[in-house]
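I set them down in the order in which I looked things up.

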Amino acid sequence: MTWTIGTHPWIEDDLSPVPPSVRVVIDNDFAGDPDDFVQLAHHLLNPGAEIRGIVASHLRPDDPFTKVKETALQARREVERLASVMDLDLAGRLVTGSEVSMPDRSTPVSSDGVDLIIREARSDDPRPLYVVCGGGLTDIASALLSAPDIASRLTVVWIGGPEYPDTTEPVPGNPVEYNLGIDIPAAQALFESEAEIWQVPRDVYRQCLISDAELRTRIRPLGDVGRFLYDELRRVEQWVAGAFGVRHATYVIGDSPLVSLTSLQTIFESTPASSRSALRSAVRLGEDGHPLAFDGKEIRVFSAIDVRLMIEDLVACLTEFADWRSSEVSSA
């Protein structure tokens, strides 16, 4: 029942030999909020993008989600744990990112994650390359600083950053958005680079709500993977309930737009057409991460994600996979 990253043996159709239209390198902080497990499982199960590599990135030293010091190494172990549940052979495509942030906006750090991004960007493959980031930006910013020639050869999709003017009021009490706060110099470097950027800011990724009832009735029953995802999200809900003495009926699966914007593009004139966006002047960040102005280079900023498509495709992908695994067990 073991399968290899980039294959989808449970999908029986005549398009299987045809490669996906886009390439993706996933860069995420898998030791943190388990919404990144939802994103990763979905990206692996959906055939719309070829996953060329996975970079396990670091968290802030004081991150509340973990007490370990080497958070990039822990992130790698978490990916391996999910792969074990999925019976997935990662085929050497998982690497560890930097354990530390950039010291300043012009000084890159080195890591296997940086090397992977540069190598994939310099490949001869003509398909578009998206480096999708659900956490800090250390490895992609360091790659762009270390190899400026790759800026024209990729698009960075980032879940993070503050609300833009004339949209939504910033979240009270959190002036520096979570992912931005992991590595502020890296965010400064990215927004000053020549790379194309698609940004999903905080007010937009917070729209990606899944209800507890959906998790219980539509995710948990879907085999070992569905149960794994449910248990990981439930663990955080229990932690929050114990810490604050109240419960909630939703979870923000805020990293999942990385799937919607890459693997679920339209068949003709390929774009993530069902999610709304516009070209805007990027945020210019102060040294402390606070926005100084919104007068940077032109980037694509998303204002709404097609959450219906995102959740329905997640459920459908998990269902197909669970049915296939069940049939393989029955026939063994």
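**Entry 1: the cavities**

I began with the largest cavity, which holds about 50 Å³ of space. I note the terms here: on a 1 Å grid over the protein atoms alone, a cavity is a set of points where a 1.4 Å probe fits but cannot get out, a pocket is an open set with protein on both sides within 12 Å along at least five of seven lines, and lining residues have an atom within 4 Å of a point. Grid points are joined across faces, edges and corners, and a volume is the space filled by probe spheres set on the points.

The model is predicted, so I recorded its limits: local features need pLDDT of at least 70, side-chain atom pairs count only at pLDDT 80 or more, and totals for chains, interfaces and linings use all residues. Residues are numbered from 1 along each chain as its sequence is written, and side-chain values use heavy atoms, with hydrogens and water left out.

I looked up which residues line the largest cavity and found Val38, Ile210, Leu215, Ile219, Leu229, Tyr230, Leu233, Ile253 and Leu314. Helix H8 (212-219) and helix H9 are the elements that give two or more residues to this lining. Helices (H or I, at least four residues) and strands (E, at least two) are DSSP runs, numbered from the N terminus. H9 provides the largest share of the lining, three residues.

By class, the lining of the largest cavity has nine nonpolar, no polar and no charged residues. Here Ala, Val, Leu, Ile, Met, Phe, Trp, Tyr, Cys and Pro count as nonpolar, Asp, Glu, Lys and Arg as charged, and the others, Gly among them, as polar.

How many cavities of 30 Å³ or more does the structure hold? I found two. The second largest cavity has a volume of about 40 Å³. Its lining consists of Trp3, Ile5, Gly6, His8, His43, Leu44, Asn46, Ala49 and Ile51. H1 and E3 each supply at least two residues of that lining. I recorded its classes as five nonpolar, four polar and no charged residues.

I then turned to the open spaces. The largest pocket has a volume of about 1300 Å³. Of the 37 residues that line this pocket, Asp33, Phe65, Arg206, Val240 and Val252 are the closest to its centre. At least two lining residues come from each of helix H1 (35-45), helix H5 (178-182), helix H7 (202-205), helix H9 (223-244) and strand E10 (250-252).

Which element gives the most to this lining? It is H9, with eight residues. The lining of the largest pocket divides into 16 nonpolar, eight polar and 13 charged residues.

For the second largest pocket I noted about 730 Å³ of space. It is lined by 23 residues, and Val18, Pro19, Pro20, Pro47 and Gly48 lie nearest its centre. Strand E3 (49-56) and helix H10 (257-263) each supply at least two of the lining residues. The classes in this lining are nine nonpolar, eleven polar and three charged residues.

**Entry 2: helices against H9**

Next I examined how H9 packs. H9 and helix H11 (residues 307-331) pack at an angle of about 130 degrees, with their axes 7 Å apart. H9 is therefore oblique to H11. Axes are lines fitted to C-alpha atoms, for helices over the stretch in contact, and angles run from 0 to 180 degrees between N-to-C directions. Angles under 35 degrees count as roughly parallel, over 145 as roughly antiparallel, 65 to 115 as roughly perpendicular and the rest as oblique.

In this contact (heavy atoms within 4.5 Å), Gly223, Asp224, Val225 and Leu229 in H9 meet Leu318, Phe321, Ala322 and Arg325 in H11. I recorded five nonpolar, one polar and two charged residues for the contact of H9 with H11.

Helix H2 (residues 71-86) also packs with H9, at an angle of about 145 degrees and with the axes 9 Å apart. Arg81, Leu82, Val85 and Met86 of H2 make the contact with Asp224, Val225, Phe228 and Glu232 of H9. The residues of this contact divide into five nonpolar, no polar and three charged.
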